[in-house]
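This report goes through a few features of one protein structure. The sequence and the model come before the details.

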Amino acid sequence: MSHLVQSVFDMLSSLGYLGIALGLMVEVIPSEIVLAYGGYLISIGDISFPGAVIAGTIGGIIAQYFLYWLGRYGGRRFLNKYGKYILIRPHHVDVAEQWFSKYGTGVIFTARFIPVVRHAISIPAGIAKMSFVKFTTYTILAIIPWTILFLYLGMTLGTKWERINQAAKPFVTPAIIIAVVVTLVYLFFKWKNKRNEAVKVSNENV
């Protein structure tokens, strides 16, 4: 374990709720690991489950705000040049932009459960100047269940919290499938609404 990562875990232990929020904000290590360690702290009685959920949600949403504002005010050129310093590579942004362009604003919710796209999706939302209120709503709705899941798994694993990837696999895979299904349903209704509007306009012009 690197010195930097160990420092993050020391911070989590010493700062409790604030440590979880900060750990998620800076995203030095994946959020799943930060939350799993938070679950371990719950298991030994250092923090409470409700408090950890609140801290995790706040930290997660602030991290996404940061990426949203980078996209909105920095643009693609800025991210291509400096994104590597926040662990965002050009191909991450490419994939996220393709998803956002293809599926629309609703993907801000569903993409949170899919690797690679999950963190980067906030960037094209900012570039497209998506409504901040809508962005916040979709992001919070996705972050809360994600936070609860990994805190719970970390809590049940206890001292074996480092096995979080193994423990999460039976839950994450169905979550990805559900996210894809929700996306398809969203696209269907979006297409249906556009079709109905087109028919309505056509009838009015007759």
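A cavity is a set of grid points where a 1.4 Å probe fits but cannot get out. The structure is a predicted model. With a volume limit of 30 Å³ or more, the count comes to one cavity.

**The cavity**

The largest cavity has a volume of about 180 Å³. Its lining is made of 15 residues, and the closest to its centre are Ser31, Gly60, Arg118, Ile143 and Trp146. By class, the lining of the largest cavity holds six nonpolar, six polar and three charged residues.

**Helix H2**

Helix H2 covers residues 17-26, and its buried residues are Gly19, Ile20, Ala21, Gly23 and Leu24. Just after H2 comes Glu27, with a positive phi of about 50 degrees.

**A patch on the surface**

Which residues form a nonpolar patch on the surface? The patch is formed by Ile177, Val181, Val185, Phe188, Phe189 and Trp191. Together these residues have about 610 Å² of accessible area. Trp191 has its place in helix H10, residues 164-205. Is Trp191 buried or exposed? Exposed means over 50% relative accessible area. Trp191 counts as exposed because its relative accessibility is 51%.

Conventions: Residues are numbered from 1 along each chain as its sequence is written. This is a predicted model: local features need pLDDT of at least 70, side-chain atom pairs count only at pLDDT 80 or more; totals for chains, interfaces and linings use all residues. Side-chain values use heavy atoms; hydrogens and water are left out. Buried means under 20% relative accessible area, exposed over 50%, partly exposed in between (1.4 Å probe, protein chains only). Helices (H or I, at least four residues) and strands (E, at least two) are DSSP runs, numbered from the N terminus. On a 1 Å grid over the protein atoms alone, a cavity is a set of points where a 1.4 Å probe fits but cannot get out, and a pocket is an open set with protein on both sides within 12 Å along at least five of seven lines; lining residues have an atom within 4 Å of a point. Grid points are joined across faces, edges and corners, and a volume is the space filled by probe spheres set on the points. Ala, Val, Leu, Ile, Met, Phe, Trp, Tyr, Cys and Pro count as nonpolar, Asp, Glu, Lys and Arg as charged, and the others, Gly among them, as polar. Patches are made of residues with over 30% relative accessible area and no salt bridge: like charges are joined within 9 Å, nonpolar side chains (Val, Leu, Ile, Met, Phe, Trp, Tyr) within 5 Å. Accessible areas come from the Shrake-Rupley method with a 1.4 Å probe; for residues, only the protein chains shown count as cover. A salt bridge is a side-chain nitrogen of Lys or Arg within 4 Å of a carboxyl oxygen of Asp or Glu.
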